[in-house]
Amino acid sequence: MKTRALSHSGQNERPSKRRPNWGRILAWSILILWIAITLLPLWWVFRMAFSTTKDLLGNPSSLLPIHFTLDAFKRVFGLVDVNEIIIQGGNVQKLDFLLYFRNTFTVTTTIVFSGLVF
Amino acid sequence: MLMVTIIWMSILDYLTGPINGLLKEFGGTSAIISFLNTQNVVASLAWINIWRHAGYNTLLFFAGLQAIPNDYYESAALDGANEWQLFRHITLPLLRPVTVFVLITSLIGSFQVFDSAMVISTPAGGPGGASRVIYWYITSLAFNQFKMGYAATVAVALFVVSMLIAWVQLRWFRADTSDIG
């Protein structure tokens with residue numbers, strides 16, 4: 001019975017090496033499409049982070065960042081003064097990412113330690 | 001979930017989203033679909049929740065697939081079954097517990113959609129737009145109209161309906177028996 005099973009599986013392997021297996025190609029293309037759809041919002045956020053604010057409205061359909069710039073990052077870390085913010089066209093409010101991160105860190109460590117100890 | 005909804009709202013945007021940008025390039029300006037108007041907002045809400053839960057359900061099905069012993073496939077292939085028959089007569093029946101679980105949790109979870117519905121209906125004219133889900137009704141009764149008793153009644157009715165649906169599904173799929181082993 002064992003040798004019969006082995007020879008049977010050997011016969012099955014030969015055809016799928018030579019001609020393309022259309023079912024497998026279809027399955028892989030559907031999977032790749034779904035992966036692209038799943039990762040689209042993540043890529044969209046990255047693209048918005050690295051583009052200038054004015055160009056976001058101008059070129060809606062380009063998938064790459066427009067005029068790759070780090071201005072948004074500078075503004076979030078609080079390194080840009082008020083006049084520059086008005087020029088870039090954002091909400092006139094100084095952001096301080098490190099303060100927010102410190103607050104989140106405090107809350108998180110408190111919760112984790114309390115959960116471990118009590 | 002809030003951030004996911006906001007990101008998808010900016011992707012599905014009428015003028016600045018990439019989907020409409022692609023449609024505009026291939027079909028002209030008349031081919032743009034407005035995803036967030038009062039007719040289409042429910043479909044967009046459904047799509048966002050599908051996108052969010054697809055990975056989790058795929059993982060559950062994958063775990064269920066691992067539990068099927070390989071001997072069944074080998075013996076069926078020896079008897080001369082092709083791939084479709086293998087799928088329909090071995091994989092689907094043996095995935096029945098996982099399918100029941102995914103269906104019940106998806107159905108009951110979809111009754112409880114609330115945060116994405118509240119966020120997505122802001123440009124479409126407030127929650128009085130087309131995306132009034134039942135949880136919105138409960139919170140609006142309780143906190144806007146201050147009819148707390150009525151809101152509690154609606155919540156209990158939702159509970160009874162969910163329980164009925166779960167019970168019907170459990171009975172229909174015969175979830176207490178499994179074909180493995």
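This report describes a predicted model with chains A and B.

## Basis of the model

Residues are numbered from 1 along each chain as its sequence is written, and chains are lettered from A, with ligands numbered from 1, in the order in which they are written. As the model is predicted, local features need pLDDT of at least 70 and side-chain atom pairs count only at pLDDT 80 or more, while totals for chains, interfaces and linings use all residues.

## Confidence in chain A

The mean pLDDT (the predictor's confidence in each residue, from 0 to 100) is 76 for chain A, with 66% of its residues at 70 or more. The pLDDT stays below 50 over residues 1-11 of chain A, a stretch with 2 contacts in the model beyond near neighbours in sequence; two residues are in contact if their C-beta atoms, placed from the backbone, lie within 7 Å. Where pLDDT is low, the predicted coordinates should not be read in detail.

## Architecture of chain A

Chain A contains 7 helices and 0 strands. Helices (H or I, at least four residues) and strands (E, at least two) are DSSP runs, numbered from the N terminus. Buried residues account for 2% of the 118 residues in chain A; a residue is buried if 20 or more other C-beta atoms lie within 10 Å of its own, exposed if 12 or fewer, and partly exposed in between, with C-beta atoms placed from the backbone. Of the contacts in chain A between residues at least 6 apart in sequence, 11% join residues at least 24 apart.

Helix H3 of chain A (residues 22-50) has 29 residues, and its end C-alpha atoms are 40 Å apart, in agreement with the 42 Å that it should span at 1.5 Å a residue. The expected span is 1.5 Å times one less than the number of residues. H3(A) bends by about 40° at Leu40(A), and Pro41(A) follows within four residues. The bend is the angle between axes fitted to the seven residues ending at a residue and the seven starting there. The number of buried residues in H3(A) is 0, so this helix lies largely in the open.

## Architecture of chain B

Chain B has 9 helices and 0 strands. Its C-alpha atoms fill a box of roughly 60 × 55 × 25 Å along the principal axes. Of the 181 residues in chain B, 10% are buried. Among its contacts between residues at least 6 apart in sequence, 59% join residues at least 24 apart.

Helix H9 of chain B (residues 148-172) reaches 36 Å from its first C-alpha to its last, close to the 36 Å expected for its 25 residues. Arg174(B), which follows H9(B), has a positive phi near 50°.

The largest nonpolar core has 11 residues, including Trp8(B), Phe35(B), Ile48(B) and Ile120(B). Such a core is a set of buried Ala, Val, Leu, Ile, Met, Phe, Trp, Tyr and Cys residues joined through C-beta atoms within 7 Å. Helices H1 (2-11), H3 (41-66) and H7 (115-120) of chain B each give two or more residues to this core. Leaving aside neighbours within four places in sequence, the contacts of Ile120(B) include Met9(B), Leu36(B), Val41(B) and Leu45(B).

Val4(B) is found in helix H1 of chain B and is partly exposed, with 16 other C-beta atoms within 10 Å. Not counting residues up to four places away in sequence, Val4(B) touches Pro41(A), Ile48(B) and Arg52(B).
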